[in-house]
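Have a look at the model first, then we'll start with a charge and a ring.

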Amino acid sequence: MTISARKVAATAVTAVLGAALAGCGGGSAPDAGREARLGTPAASASGAPTASAPNSAPPTPQAGAPQAGAPAKAPTLAPGPNGLTPVFERAKQQTDKTVALTFDADMTSDQGPRAADGEHFDNPQLISTLRTLKVPSTIFMTGRWAEEYPDQAKSIGTDPNFEIANHSYSHHAFKSPCYGLPALDGAAARADVDRAFAAFRQAGAVNTVPYFRFPGGCYDDQALRALSTAKVTAVQWDVVSGDAFAKDPDAVAEQVLNGVKPGSVVVMHCTRSAAPVTEEAIRKIVPELRKRGYRFVKVSELIGK
């Protein structure tokens with residue numbers, strides 16, 4: 001495929017999915033329901049905080065938050081106005097050539113039957129490749145994924161190469177509308193976060209960090225307020241890989257390589273059925289970015305800058 005053709009392919013994928021993908025729900029082609037599970041980053045409510053300074057004190061332990069065994073004092077951002085949950089999108093220090101590759105390990109609460117029928121929401125080959133290439137990474141995992149693949153959750157969550165962050169338990173929306181996702185109210189949203197952290201602990205994962213990614217990327221002040229007592233930092237992104245439902249790894253790689261800047265956060269996926277070419281794309285992305293002088297870091301390192 002020529003470069004121009006790959007650009008067309010990447011653009012087509014992005015257009016079909018609403019321009020920016022935040023999570024994958026499975027299947028071979030997007031429809032209205034799958035787009036809802038994939039999600040695209042929605043604009044935050046006017047005035048939603050994007051804090052820039054790390055909080056000097058470690059987060060106060062909360063029910064469901066990372067406990068003993070988690071990395072010590074993972075940096076978080078200071079609360080936003082009126083105590084709202086802070087939001088991180090890209091490192092404030094934008095001259096250091098660091099980049100964080102993040103992978104959403106998505107599974108919604110109602111997809112158990114599909115997994116039982118043989119659909120793969122995991123991607124062990126991707127994790128193996130990240131280990132082989134020695135790429136520190138942040139995995140935004142749903143609690144339901146950890147329950148479906150507890151051995152993999154434990155393996156990832158005990159490997160110092162990785163850190164596990166919270167992508168909710170159910171992958172339901174924290175703001176409505178959000179691409180057709182069922183919506184949670186404030187109390188249910190807070191409980192959903194706790195339930196995900198509990199699922200990680202049950203699986204034996206200890207390298208968990210107090211970061212949260214909204215399903216579909218959808219949030220507003222009400223969602224940020226609902227999570228304020230969880231003492232987490234909400235993590236968005238500035239580079240969309242376009243890997244969901246993509247069939248051309250070169251197009252995915254090119255889209256990432258064209259978008260990365262110092263301090264970038266790249267959103268990708270750890271779900272074979274809905275993002276089948278991610279592992280192949282990584283094998284193209286990693287050496288090229290290293291050739292350009294980039295160093296791969298976890299989100300915690302970017303937030304700590």
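The charged end of Arg-213 sits over the ring of Phe-140, 4.0 Å from its centre. To count as sitting over a ring, NZ of Lys or CZ of Arg has to be within 6 Å of the ring centre and within 35 degrees of the ring normal. Arg-195 also lies over a ring face, that of Tyr-169, at 3.8 Å from the ring centre.

Before going on, some ground rules: this is a predicted model, where local features need pLDDT of at least 70 and side-chain atom pairs count only at pLDDT 80 or more, while totals for chains, interfaces and linings use all residues. Residues are numbered from 1 along each chain as its sequence is written, and side-chain values use heavy atoms, with hydrogens and water left out.

**Around Thr-102**

What does the side chain of Thr-102 make a polar contact with? Its partner is the side chain of Arg-213, at 3.0 Å. (A polar contact is a pair of N or O atoms within 3.5 Å; within protein, one must be able to donate a hydrogen and the other to accept it, and residues adjacent in sequence count only if both atoms are side-chain atoms.) Thr-102 is in strand 4, residues 98–105; helices (H or I, at least four residues) and strands (E, at least two) are DSSP runs, numbered from the N terminus. Thr-102 counts as buried because its relative accessibility is 0%, and buried means under 20% relative accessible area (1.4 Å probe, protein chains only). Beyond four places in sequence, Thr-102 touches residues including Phe-140, Val-265 and Val-267, where contact means heavy atoms within 4.5 Å.

**The cores**

A nonpolar core here is a set of buried Ala, Val, Leu, Ile, Met, Phe, Trp, Tyr and Cys residues joined through side-chain atoms within 4.5 Å. The largest one has 60 residues, and those with the most contacts inside it are Phe-103, Met-141, Trp-145, Phe-174 and Phe-214. Helix 7 (residues 186–203) gives the largest share of this core, seven residues. A second, separate core of 18 residues includes Phe-88, Phe-140, Val-265 and Val-267.

Take Trp-145: leaving out residues up to four places away, it touches Met-107, Phe-121 and Cys-270, among others. Met-107 lies in the loop between strand 4 and helix 3 (112–116), yet it is buried, with a relative accessible area of 0%. Among the contacts of Met-107 are Trp-145, Tyr-169 and His-171.

Helix 6 (residues 150–157) has Ala-153, Ile-156 and Gly-157 as its buried residues. They cover an arc of only 90 degrees around the axis (taken from the directions from the helix axis to the C-beta atoms), so they are on the same side of helix 6.

**Aromatic pairs**

Rings of Phe, Tyr and Trp (its six-membered ring) pair if their centres lie within 6.5 Å; planes under 30 degrees apart count as stacked, over 60 as edge-to-face and the rest as tilted. By this rule there are six aromatic pairs, including these:

| Pair | Centre to centre | Angle between planes | Type |
|---|---|---|---|
| Phe-197 and Phe-200 | 6.0 Å | 90 degrees | edge-to-face |
| Phe-212 and Phe-214 | 5.0 Å | 90 degrees | edge-to-face |

Phe-197 and Phe-200 both lie in helix 7, three residues apart, about one turn of the helix. Both Phe-197 and Phe-200 are buried, and Phe-212 and Phe-214 are buried too. Phe-212 and Phe-214 also belong to one aromatic cluster with Phe-174 and Tyr-219.

Methods
Buried < 20%, exposed > 50% of the residue type's maximum accessible area, 1.4 Å probe, protein only.
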